[in-house]
Amino acid sequence: MNKFTSTLLLMTGAASAVSVISCKTNTKKSVVNEKKPMNIVYIMCDDHSYQTISAYDHRFIETPNIDWIANNGVRFTNSFVANSLSGPSRACMLTGKHSHANGFEDNSDSFDGSQQTFPKLLQQAGYETAMIGKWHLVSEPTGFNYWDVLVGQGDYYNPTFIKNGEKVRREGYATNITTDLAINWLDSIHDKSKPFCMFIHHKAPHRTWMPDTCDLRLYDDVTYPMPENFYDDYKDRKAAQAQKMSIIKDMNIVYDLKMADKENEIHTDNSNLEKWGRELYNQMNSAQKAAWDAYYDPIIAKFKKDKLKGKALDEWKYQRYMHDYCRVIHAIDRNVGRVLEYLRKYNLLENTMIVYTSDQGFYMGEHGWFDKRFMYEESFRTPLLVYLPGGKHGDVSELVQNIDYGPTILDLAGINVPSDMHGVSFLPLLKGEKVPQWRHSLYYHYYEYPDEHAVNKHFGVRTEKYSLMRFYGDVNSWELYDLEDDPMNMHNLYGKPGYEDITKELKAELSRLQEQYEDPIRNEIKN
Ligand code: SGN
Ligand code: CA
């Protein structure tokens, strides 16, 4: 394959042109081309920030293919997760339940695959179901006719998958391979009378943000704007003071920023990360290594010569991070274009709902951070774009959460939503209907501590205007934010004069939600 060409084609309009930018494409002829009940193509990336989708934000990158979904469907402007971490988020999505109820609270858990999930209910109702790409729930996937998932987090280059129980190492770049598998599966569906639900779960853009070789030089001339709170001092926010996800302090130059010099002279204070960084490189084949070296070696040489210090070094790290992250996003966008093109080509845009989302939001240097986990806006939020044939075009501002995806898709398929699911169907919002009784608050609970970035456990409630968070464990503290005045969560108002009434109201709402969802934490910590 030619991995060194990258041609940008523009896309516009609903059913006409869908862009394909090609390093390598593998689209074959289809057998899935008959009118059916509604199909679902659910595309979820790992750690894709809404800040790097141009349907949400133009500061960093243009993503025309992902934007197509927003331009021809709905852009959710208040979309959130229930627990901002991969495994937990996926378990919430599959079950429609908060973490304490589905049993997967942090990434060290193993998913109980015998429990009810919405793919199982779809399958029982006659859907062909497929799970392709990152799974990250440890136990084997259940409820899928076909599953072909990455081992653990998965690798960017030449990754190993587990295909219906068998390990297969595949040569190439994960985002392309995952898309190839998705397209091949669509081609392979023989029972044309059945609708399908396909989950395309990209590993990208998870750490360590390794671009495809054909994208290495992209955006070389771009200088990314640093967020205004990059040098946050975390005043009045004890949990933020304790975290270890700082670009300045915790991002590893060799591992994260690719400064693995051949002379082995660059060393940091984390030899494990350095070793892993070198292993990632060693997993590449010779053509991949050659392309990698041709790009990174001169950058490494300059980095060694420049001996940057202080703010110059901080800013260099930020730019390096953002360049790689955006290149990885570009490959996702190109591959979303391939899927859209396939659906258009075989007239599947007429009867396929397309969802684009991430397992959580991500920090693009806000508060000086990478990673996620906090109930602060950038990581509590997640992008959500949905194309529904015949549905609404435009923004939906109601508060939605990833526990709602299952109920929505079941509703679309005409299947009763089980009463034990915590989420609710937002299908009426997709159809442009008004829902007067829609929720006005969301519940959040994060558990993984102290691994890996030292973010203390916390739960909280968010309304349209406020968020109230309760950190517990090593850091025991409350935080309150007025999101209209302070959308970046810089000023903790908890305990400040004038906020007594709203604090009381929010605590009552928090208790109500904990009662409604039966979170056992309510018996241990009183609000
Ligand atoms: C890995 C990463 C962490 C990341 C977790 C969870 N370290 O452990 O930086 O927070 O995944 O991410 S790495 O050195 O292995 O890249 S999650 O999205 O999968 O939950
Ligand atoms: Ca993730």
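Which residues does Thr-408 touch, not counting residues up to four places away in sequence?

**View 1. Thr-408 and its contacts in the predicted model.** In this predicted model, Thr-408 is found in helix H11, which comprises residues 405–412. Leaving aside residues up to four places away in sequence, Thr-408 touches Met-353 together with Val-424, Ser-425, Phe-426, Leu-427 and Leu-430. Thr-408 has a relative accessible area of 1%, and because buried means under 20%, this residue counts as buried.

View 2. Pro-119 is found in helix H4, residues 118–124, and is buried, with a relative accessible area of 0%. When residues up to four places away in sequence are not counted, the residues that Pro-119 touches are Leu-94, Thr-129, Gly-143, Phe-144 and Phe-199. For orientation within the chain, Tyr-346 lies 227 residues from Pro-119 along the sequence, and the C-alpha atoms of the two residues are separated by 24 Å.

View 3. The buried residues of H13 are Ile-502, Thr-503, Leu-506, Lys-507, Glu-509, Leu-510, Leu-513 and Gln-514. Seen down the axis of H13, these buried residues fall within an arc of 165°, and they therefore line one face of the helix. Their cover includes four strands, namely S13 (441–446), S14 (457–463), S15 (466–472) and S16 (477–482). On the other side of H13, by contrast, Glu-500, Asp-501, Lys-504 and Glu-505 are exposed. Just after the helix, Glu-518 takes a positive phi of about 55°.

**View 4. The surroundings of ligand 1.** Ligand 1 is surrounded by 18 residues, of which the closest are Tyr-255, Asp-371, Arg-373, Glu-452 and His-453. In Glu-452, a polar side-chain atom lies 2.3 Å from an oxygen atom of ligand 1, while a polar side-chain atom of Gln-153 lies 2.8 Å from an oxygen atom of the ligand. For His-206, an N or O atom in the side chain is 3.1 Å from an oxygen atom of ligand 1. The protein covers 90% of the 450 Å² of accessible area that ligand 1 has on its own.

Terms used: Residues are numbered from 1 along each chain as its sequence is written. Chains are lettered from A and ligands numbered from 1 in the order in which they are written. This is a predicted model: local features need pLDDT of at least 70, side-chain atom pairs count only at pLDDT 80 or more; totals for chains, interfaces and linings use all residues. Side-chain values use heavy atoms; hydrogens and water are left out. Buried means under 20% relative accessible area, exposed over 50%, partly exposed in between (1.4 Å probe, protein chains only). Helices (H or I, at least four residues) and strands (E, at least two) are DSSP runs, numbered from the N terminus. The arc is that of the directions from the helix axis to the C-beta atoms. Contact means heavy atoms within 4.5 Å. A residue is near a molecule or strand if one of its heavy atoms lies within 4 Å of it. A polar contact is a pair of N or O atoms within 3.5 Å; within protein, one must be able to donate a hydrogen and the other to accept it, and residues adjacent in sequence count only if both atoms are side-chain atoms. Accessible areas come from the Shrake-Rupley method with a 1.4 Å probe; for residues, only the protein chains shown count as cover.
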